Amino acid sequence: MFDNFSTETVLREGLELRTWRGGQGPALLLLHGHPQTHVMWHRVADALANRFTVVLMDLRGYGDSGRPGAAPGHVAHSKREMARDALAVMQHHGFDRFQVLAHDRGARVAHRLALDHAEAVERMMLLDIAPTLAMYQGTTEAFARAYWHWFFLIQPSPLPETLIAADPVGYVRGVMGKRHAGLAAFDPAAMAEYERCAALPGTAESICEDYRASATLDLEHDRQDAAQGHRLGMPLRVLWGEHGAVAASFAVLDLWRERALQVSGLALPCGHYIAEEAPTLLLQEAFDFFRS
C-alpha cells in the first residue's frame, strides 16, 4: 500500500504528524475516520494521485502520529486543534489553498477546518456524517444503540481507556465489524494496520479524549458558529451510505443545508466505510466534484 507515496513527519508545536504525499496536480487532503488511519484510503489513493497531489495524514491520537495527553477541557483533542494540524501539514507541503476529502472523525475535523480557515479550503467532500451538533441534538434510541461508542468513549477516565487498552484489537473489530458490511469489507493488510495502531501506547486515551472533546468543547464551538450565523461558503458535497446508521437516523442533506451555502449530495449503496466498501463509486464522485 502507498508504494507511490513518500512519507514525512511534520512537527507542529512539538507534536509529530505523520504524512504521505503522492501524485501531481491540485492539492487534495485526505482525512481518515475512527478507529482507522490513513490506510483507509488505500483503494482510492493511487487513482486520485493520477489527477491530484494527494496528501494523507494520520490525525493526532491515531495511526503513527503523536498522542498528546489529556488536557483540561479536552482542548488538546478538539477539532479546532486537529484542524490546525491539518492546515500546518498542508502548508508544510507548500499548499495554502487545497481541496478536502474526509470521512467520519476526519470529516468533523474538515468541517472545523473549513469554518476556521475558510480561505484555505477550496472545495470539500464529507463522507457519512451529519453536523456533530445536529447529531447530538437529534439522538434517538436507535442511533444511540447503533453508535454506542459515542457514549461509551465520553465516560469519565479511566474506565473506557482501561477497557480499550485491555483488548485494543477486540475494540477495533467490535466497532468496525458490527456495521453493515461486517469485517469482510476490509483488506486483511488494512485491518492489521488498524489493529497495530490501536495497540500503540496512548491510543486508548487519545480516542476517548477525541470523543470527549466532540461532546463538550467542540459543541461549544459549533453553537457559537450557529449563533453568529457562520456557514460554509465553499462548494460542499456530502455522501452517505444508504445502509448506515447516519442515513437511518438523520436527514443528512437537510442538516448540511443549514450549515452550508452550496451543498449537494446523495446516498451510495453501501454502509459507513464508503472508501473501502464502494471505492469505484467514490472515485466517480470525486472526479466529478473536485477540480483537477
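Ala, Val, Leu, Ile, Met, Phe, Trp, Tyr, Cys and Pro count here as nonpolar, Asp, Glu, Lys and Arg as charged, and the others, Gly among them, as polar. The model is predicted, so local features need pLDDT of at least 70 and side-chain atom pairs pLDDT 80 or more, while totals for chains, interfaces and linings use all residues. Residues are numbered from 1 along each chain as its sequence is written, and side-chain values use heavy atoms, with hydrogens and water left out.

First, the open space. A pocket is an open set of points on a 1 Å grid over the protein atoms alone, with protein on both sides within 12 Å along at least five of seven lines; a cavity is a set where a 1.4 Å probe fits but cannot get out, and lining residues have an atom within 4 Å of a point. Points are joined across faces, edges and corners, and a volume is the space filled by probe spheres set on them. The largest pocket holds about 170 Å³. Its lining splits into 5 nonpolar, 5 polar and 4 charged residues, with Ala 146, Tyr 147, Lys 178, Arg 179 and Ala 245 nearest the centre.

The largest cavity takes up about 100 Å³, and Lys 79, Arg 108, Arg 112, Thr 132 and Asp 222 sit closest to its centre. Its lining has 6 charged residues, alongside 5 nonpolar and 3 polar. The second largest cavity comes to about 50 Å³; its lining, which includes Tyr 62, Arg 67 and Tyr 194, divides into 6 nonpolar, 4 polar and 1 charged.
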